[in-house]
Protein chains: 2
Amino acid sequence: MSTVNPHLPVIAVLGGTGKEGPGLAMRWAHAGYKIIIGSRQAEKAQTTAVELNAKLGIDFVEGLQNEAAARQADISVLTVVYTAHEAAVRSLKDALRGKILVDATARVDFRDPRPPAPPSAPSQAQEVLGDGVRVVGAFQTVPAHVLKKKLGEALDTDVLVCADDLDAAGQVIQLAEAGGMRAYYAGRLENAIVAEGLTAVMISLNKHYGVRTASIAVTGLSPQPA
Amino acid sequence: MSTVNPHLPVIAVLGGTGKEGPGLAMRWAHAGYKIIIGSRQAEKAQTTAVELNAKLGIDFVEGLQNEAAARQADISVLTVVYTAHEAAVRSLKDALRGKILVDATARVDFRDPRPPAPPSAPSQAQEVLGDGVRVVGAFQTVPAHVLKKKLGEALDTDVLVCADDLDAAGQVIQLAEAGGMRAYYAGRLENAIVAEGLTAVMISLNKHYGVRTASIAVTGLSPQPA
């Protein structure tokens, strides 16, 4: 049975009852992170928390209403559907003050996937939240289906971490790696629009190649002879 | 010494005297494609053609003014700098009728890289060129520096091929593979905005990780157990 590592930051997975949230939460809980599932309704969050505890044979995943979850966390990861993004961000302004918000939102409609126009969802969140919150864009390109792989298996998907604050980006890279993903600093927050658009590309790849796991990896980061 | 394979389409590399064009042209000539380098000035195109012939020990790379090059080619690949994109496309309207234009343009400024807003450069080209030309977006994410690798070595970079015409996309995938790249159908022409934006991400990765070869690969296309 995994135990909580008290030296790791507490992670809230907001909107964590959907497709993407539970998969991320499970991997981080398995790696010893204290996890709080957030949802608009506390009961739904608690149901997901109970399921995750049962799956992992642990008891330290909690479920709370989104704002309460964010208040108790060091890092909050927003995995709501894109139509709920703006309202969710507005409701979290106080709870997130002084903290890191990781925005995984991709404003792409599964049935009619089109790359969205700038500014990126995390840039919009930053605008609403102000300077008191460090917003990081990440995890948009991680398919929910890939997170279903066995725990401990490396995931063949890379995370593009976009942030104006390098220290916050570094903390999120560490979090991604703890969950079995490779993660890279991919530039300022505005670059997150590319990760959003990649989800439209991934849906297109899935349809054309008959899979549910299309994603992207970063290549060419090892220095090469000139 | 390589010889021309007369069964392959003739390829014009327009704006082919820059950073990206010669690298692509060299790989395709090496694979037996008849290549015509295009430039606004025929003399510049001829200089690049002479250099490529010398490098490869061949004599079948030609240099012509852009429109003349497009007229003689089956498939034209546009590798101009983004500030020259609109004028180049307008000047090519007649020469490209009934043919395929592969647009590799990424409207990103190297000194101030920001992901551009839709519509994509290839979508804009399609709008100018009309239905008589089949426009395909591709090769934006292939770093010029990666193309300098030894001929015959596989290139660690994937090509996102975006097109509204699947047959045209298929021909471009074949062309990319002949040049040593993996290439995938990544959805409709509008998705090319993502490949453009990826060049801003690649510039950010290059700066942060101290390389010149950052690129992306597609993952997860092999069917997985559910």
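Visitor: How many residues of the lining of the largest cavity are nonpolar, polar or charged?
Guide: In this predicted model, the lining holds 10 nonpolar residues, two polar ones and no charged ones.

Visitor: Why is B:Ala69 called buried?
Guide: Its relative accessibility is 0%, and buried means under 20%; B:Ala69 therefore counts as buried. B:Ala69 sits in helix 3 (residues 66-72) of chain B.

Visitor: Which residues does B:Ala69 touch, not counting residues up to four places away in sequence?
Guide: Contact means heavy atoms within 4.5 Å. B:Ala69 has such contacts with B:Ala12, B:Leu14, B:Ile36, B:Ile37, B:Gly38 and B:Leu64. As for B:Tyr82, 13 residues from B:Ala69 in sequence, the C-alpha to C-alpha separation is 20 Å.

Visitor: Which residues are in contact with A:Thr157, leaving aside neighbours within four places in sequence?
Guide: From chain A, they are A:Thr141, A:Val142, A:Pro143, A:Val146, A:Met181, A:Arg182, A:Ser215 and A:Ile216. B:Thr219 of chain B is in contact with A:Thr157 too. A:Ser120, 37 residues from A:Thr157 along the chain, has its C-alpha atom 21 Å from that of A:Thr157.

Visitor: What makes A:Ser39 buried?
Guide: A:Ser39 has a relative accessible area of 6%. Buried means under 20%, so A:Ser39 is buried. A:Ser39 belongs to strand 2 (residues 35-39) of chain A. Beyond four places in sequence, A:Ser39 touches A:Thr17, A:Lys44, A:Ala45, A:Leu64, A:Gln65 and A:Asn66.

Visitor: What makes helix 5 of chain A mostly covered?
Guide: Seven of the nine residues of helix 5 (residues 121-129) of chain A are buried. They are A:Ala121, A:Pro122, A:Ser123, A:Ala125, A:Gln126, A:Val128 and A:Leu129. These buried residues pack against helix 4 (85-91), strand 5 (100-103), strand 6 and helix 7 of chain A. Just after helix 5 of chain A, A:Gly130 has a positive phi of about 80°.

Visitor: Which are the edge strands of the sheet in chain A?
Guide: The sheet of chain A is open, with eight strands in the order 3-2-1-4-5-6-7-8 and mixed pairing. Strand 3 (61-65) and strand 8 (182-185) of chain A are its edge strands, each pairing on one side only. From one strand to the next the twist averages 25°.

Visitor: How many bridges join strand 6 to strand 7 of chain A?
Guide: There are two bridges. Pairing requires at least two bridges, so strand 6 (residues 134-137) and strand 7 (residues 158-163) of chain A count as paired, and they run antiparallel. A:Gly137 stands opposite A:Cys162 of strand 7. Helix 7 (residues 192-209) of chain B lies across strand 7 and strand 8 of chain A, at about 90° to strand 8.

Visitor: Why are strand 3 and strand 8 of chain B said to stand at the edges?
Guide: Chain B also has an open sheet of eight strands, ordered 3-2-1-4-5-6-7-8, with mixed pairing. Strand 3 (61-65) and strand 8 (182-185) of chain B each have a single partner strand, so one side of each lacks a neighbour in the sheet.

Visitor: How many bridges join strand 7 to strand 8 of chain B?
Guide: Four bridges join them, and the two strands run parallel. B:Leu160 has B:Tyr184 in strand 8 as its bridge partner. Helix 2 (residues 42-56) of chain B packs on the sheet, touching strand 2 (35-39) and strand 3 of chain B, with its direction at about 170° to that of strand 3.

Conventions
Residues numbered from 1 in each chain as written. Chains lettered and ligands numbered in written order. Predicted model: local features only at pLDDT ≥ 70, side-chain atom pairs only at ≥ 80, totals over all residues. Heavy atoms only, no water. Axes fitted to C-alpha atoms, helices over the stretch in contact; angles between N-to-C directions. Nonpolar A, V, L, I, M, F, W, Y, C, P; charged D, E, K, R; others polar. Buried < 20%, exposed > 50% of the residue type's maximum accessible area, 1.4 Å probe, protein only.
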